[in-house]
Amino acid sequence: MRRAVASRLHAVLAAVATAAAVGAVAVALPVTQASAAAGSATGYATGNGGTTGGAGGQTVRATTGTAIHAALCGRASSSTPIIIEVEGTINHGNTAKVSGESCNTAAGVIELKQISNVTIIGVGGGAVFDQLGIHIREASNIIIRNVTVRNVKKSGSPTSNGGDAIGMESGVRNVWVDHVTLEASGGESEGFDGLFDMKDNTQYVTLSYSILRNSGRGGLIGSSESDLSNGYVTFHHNLYENLDSRTPLLRGGIAHIYNNSYTNLNESGINSRAGGRAKVENNYFKDSKDVLGTFYTSEPGYWQVAGNIFDNVTWSAPGSDNNPAGPDPRSNTTVSVPYSYTLDGASCVPDIVRQTAGANKGLQESNGNCTPQTPTATPTVTPTVTPTVTPTPGGPNLSLGAGSDGSSKASGTSYGNVRDGNLSTYWSPAGSTGDISIKWGSATTVSRVVIREAPGSEGGIGAWQLLNAGTGAVLKSGSGAGAITFTPTSLSKITFRITGSMGTPKVAEFETYAG
């Protein structure tokens, strides 16, 4: 990168605070409340078996990063389909590592690692990933829609995801990213990196109806001239605005780039190199420099062009490390794509992209004639659910009428508050960790526990163990409040042991069920 983009921002972005937000657990919604998001994958994401994300799986609502991780870790397996509806601001303060057999997460980043069949979609008032990136690694069949990811840093503080807003690496297959807004507040010297990066054998990806802006680097396909195993990527109906370069940078592989709107590309745009081949159709380039060619390398790439409009585009002279496609761009290869698609005329691309691209645009798309339309299956609004409410398990709550004790209690709290059926009362340990138990006068069979946090303290509980207090056996371990199921066990006392927390945990109810 030659220059920092910060000095050329058209509007100064407000500094983004990293205040720790109060967390909330993931909430499983009844099947009848599951939202049916509009539209389906397009472009190369339809290849290799297609990209359906979590279709057919359980729908879960999450308002924190920890809750997103908990939803992934709460699945029966790492491939069990799941749709995670996200609302609110996800940041470092509410994104902790969660452990489980169906996940591999980390704090400070949304980690979609070694998993498959997941949809993450913004709902309600919108979903903002603030200074916190989404990392897709060794994963397949992933959909990300209707979210904003902003100001992710690779240097300075806080850092996340290597500085990429959305990054994919290590054998990733079939990802559809749609109607997202990816933005930074400067270039590499300000601590930012790429907005949409693919490397180390990432294939069958589509980025559609999205905004990439105010960054030094739009994104890359291939991390170096030797990382050539990536490709089959489609970019359509996206807005690229105020970027220095990489819209995208293509090393090897094939990219199909159509109906995108480019404005204020400061140094270079589509950079096809090291044998990469790009099919570039019906795009609109405005007020930009060197929007297509091979740049900053002597290893050439190739392009097929048709129907593009170049409006106030300047071109540099060819050199040993630069081969601009203009001022009269001509095709030097041919690229055949294996899917059907409809092209909007280039002249109306800026207008249709302005109306449809980015988060919180109602998932509108072009009808092929530069007219916005909402797909027939519109998202449904999920009835409001208090974040800590879990669907009631079958059978009576065995904690009602039972006894309780614990290792310690904070001033003003009581062990009995966890078995009184009242969410407004709670137990807290004297510190950040501690035990709370439910006990009976005779052996009782239990196979399910629900831990409910006091309103306003959701997300406080971190790591925990569930113990048979009589034998010391660990029945289950995990992170975050919610429903816990395990093999039916006959016992007279069961202990919920908090081994990690964010602040002071507050357990409002410790419910136990036979089934």
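Analyst: Let us begin with helices and strands: these are DSSP runs numbered from the N terminus, a helice being H or I over at least four residues and a strand being E over at least two. Thr119 is placed in strand β5, which spans residues 116-130. Please note that this is a predicted model, in which local features need pLDDT of at least 70 and side-chain atom pairs count only at pLDDT 80 or more, while totals for chains, interfaces and linings use all residues. Residues are numbered from 1 along each chain as its sequence is written, and side-chain values use heavy atoms, with hydrogens and water left out.

User: How many helices and strands does the protein chain have?

Analyst: The protein chain has 2 helices and 35 strands.

User: Is Thr119 buried or exposed?

Analyst: A residue is buried under 20% relative accessible area, exposed over 50%, and partly exposed in between, with a 1.4 Å probe and protein chains only. Thr119 has a relative accessible area of 8% and is therefore buried. In the protein chain, buried residues make up 57% of the 515 residues.

User: Which residues is Thr119 in contact with, leaving aside its neighbours within four places in sequence?

Analyst: Contact means heavy atoms within 4.5 Å. With those neighbours within four places in sequence left aside, Thr119 is in contact with Thr52, Gly53, Gly54, Ile82, Ile83, Ile84 and Ile143. For Gly54 there is a further detail: the side chain of Thr119 reaches the backbone nitrogen of Gly54 at 2.9 Å. As for the protein chain, among contacts between residues at least 6 apart in sequence, 72% join residues at least 24 apart.

User: How many disulfides does the structure hold?

Analyst: A disulfide is a pair of cysteine sulfur atoms within 2.5 Å. The structure holds 2 disulfides. One is formed by Cys73 and Cys103, with their sulfur atoms 1.9 Å apart. The torsion about the S-S bond of this pair is about 95°, so the disulfide is right-handed. Cys73 lies in helix α1 (residues 65-73) and Cys103 in the loop between β3 (82-90) and β4 (110-113), so the pair ties together parts that are 30 residues apart in sequence. Both Cys73 and Cys103 are buried.

User: What can be said of the disulfide that joins Cys348 to Cys370?

Analyst: Its S to S distance is 1.6 Å. The link of Cys348 and Cys370 is right-handed, with 60° about the S-S bond. Cys348 lies in the loop between β27 (322-324) and α2 (349-356), and Cys370 in the loop between β28 (365-366) and β29 (372-373), so this pair ties together parts that are 22 residues apart in sequence. Cys348, at 22% relative accessibility, counts as partly exposed, whereas Cys370, at 14%, counts as buried. With bonded cysteines counted along the chain, the disulfides follow the pattern 1-2, 3-4.

User: How should I read a helix such as α1, and what covers its buried residues?

Analyst: One asks which of its residues are buried. In α1, 8 of its 9 residues are buried, so that helix is mostly covered. Among the buried ones are Ile68, His69 and Leu72. The elements that cover them include β2 (58-62), β3, β4 and β5.

User: Which residues of α2 are buried?

Analyst: In α2, Val349, Ile352, Val353 and Thr356 are buried. They cover an arc of only 100° around the axis, which puts them on the same side of α2; the arc is that of the directions from the helix axis to the C-beta atoms. What covers these residues includes β17 (239-245), β20 (261-265), β23 (284-289), β28 and β29.

User: What is a nonpolar core, and how many residues has the largest one?

Analyst: In soluble globular proteins, nonpolar side chains tend to be buried together. A nonpolar core is a set of buried Ala, Val, Leu, Ile, Met, Phe, Trp, Tyr and Cys residues joined through side-chain atoms within 4.5 Å. The largest here has 66 residues, and those with the most contacts inside it are Leu112, Phe129, Ile136, Ile144, Phe196 and Phe235. The largest share of this core, 5 residues, comes from α1. A second, separate core of 23 residues includes Ile451, Trp464, Leu475 and Leu491.

Notes. Polar contact = N/O pair within 3.5 Å; in protein donor to acceptor, adjacent residues only side chain to side chain.
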